[in-house]
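Here is a short briefing on one protein model. Look over the sequence and the structure first, then read the points below.

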Amino acid sequence: MKFRQRMEQFMYGRYGQDEFSRFLMIAALVLFVLALIFNGYAGTIFYAVAVVALVYDLIRIMSRNLYKRQQENEWYLKKRKAVTGWFRSLKDRWQQRKEYRFYRCPSCHTLLRVPRGKGKILVTCRKCGRRFERKT
């Protein structure tokens, strides 16, 4: 049998690699590099955490508990979406800054977008319905 066929047969029924596994692998590599850069106690800590991340990643890849690994991956994707969504929102606001002003509702703190150059206007929050006056 060829190596590829043996690996496919070995991995049959196992979870394999997903987004969270890739993140753990990259994090372990970054921590290994940091362990090389820093000497002494800090380097040892980086090295130990990198080894733990790598071992956990391999355990996840070889696991047969598919349901648990899928839940872990969904948790990671939810956290990643929250972080990347915040940065995407920041980028969108920066690109639209010439045409729109952004305000937060005083009661529910929802971000509201209003067109620039309209003078004083009455802004109505689309979430809670509160009305407040702002200059655009």
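The largest nonpolar core has 7 residues: Y103, C105, L112, V114, V123, C125 and F132. This is a predicted model.

**Nonpolar core**
- V123 is one of the core residues.
- Beyond its neighbours within four places in sequence, V123 contacts L112, V114, R130, R131, F132 and R134.
- Among those partners, L112, V114 and F132 also belong to the core.
- C105 is another core member, and C105 counts as buried because its relative accessibility is 1%, under the 20% cut-off.

**Cysteines**
- How many disulfides does a search of the whole structure find? The search finds 0.
- Take C105: the closest cysteine sulfur belongs to C128, at 3.6 Å, which is too far for a bond.
- Seen from C128, the closest cysteine sulfur is in turn that of C105.
- Is C128 buried or partly exposed? C128 has 41% relative accessibility, so C128 counts as partly exposed.

**Helices α2 and α4**
- Helix α2 covers residues 19–37 and helix α4 covers residues 66–95.
- The two helices pack at an angle of about 70°, and their axes are 8 Å apart.
- That angle makes α2 roughly perpendicular to α4, because the class runs from 65 to 115 degrees.
- On the α2 side, the contact is made by E19, F20 and F23.
- On the α4 side, the contact residues are E72, N73, Y76, L77 and R80.
- By class, this contact has 4 nonpolar, 1 polar and 3 charged residues.

**N73 in helix α4**
- N73 lies in helix α4 and is part of the contact with α2.
- With a relative accessible area of 11%, N73 is buried.
- Leaving aside neighbours within four places in sequence, N73 touches Y15, D18, E19, F20 and R60.
- Of these partners, E19 and F20 are among the α2 residues that make the helix contact.

**A35 in helix α2**
- A35 lies in helix α2.
- Is A35 buried or exposed? A35 has 14% relative accessibility, so A35 counts as buried.
- Not counting residues up to four places away in sequence, A35 touches G43, F46 and Y47.
- A35 and A48 are 13 residues apart along the chain, and their C-alpha atoms are separated by 8.9 Å.

Technical notes. Residues numbered from 1 in each chain as written. Predicted model: local features only at pLDDT ≥ 70, side-chain atom pairs only at ≥ 80, totals over all residues. Heavy atoms only, no water. Axes fitted to C-alpha atoms, helices over the stretch in contact; angles between N-to-C directions. Helix = DSSP H or I, 4+ residues; strand = E, 2+ residues; numbered from the N terminus. Parallel < 35°, antiparallel > 145°, perpendicular 65-115°, else oblique. Contact = heavy atoms within 4.5 Å. Nonpolar A, V, L, I, M, F, W, Y, C, P; charged D, E, K, R; others polar. Disulfide = S-S within 2.5 Å. Buried < 20%, exposed > 50% of the residue type's maximum accessible area, 1.4 Å probe, protein only. Core = buried A, V, L, I, M, F, W, Y, C linked by side-chain atoms within 4.5 Å.
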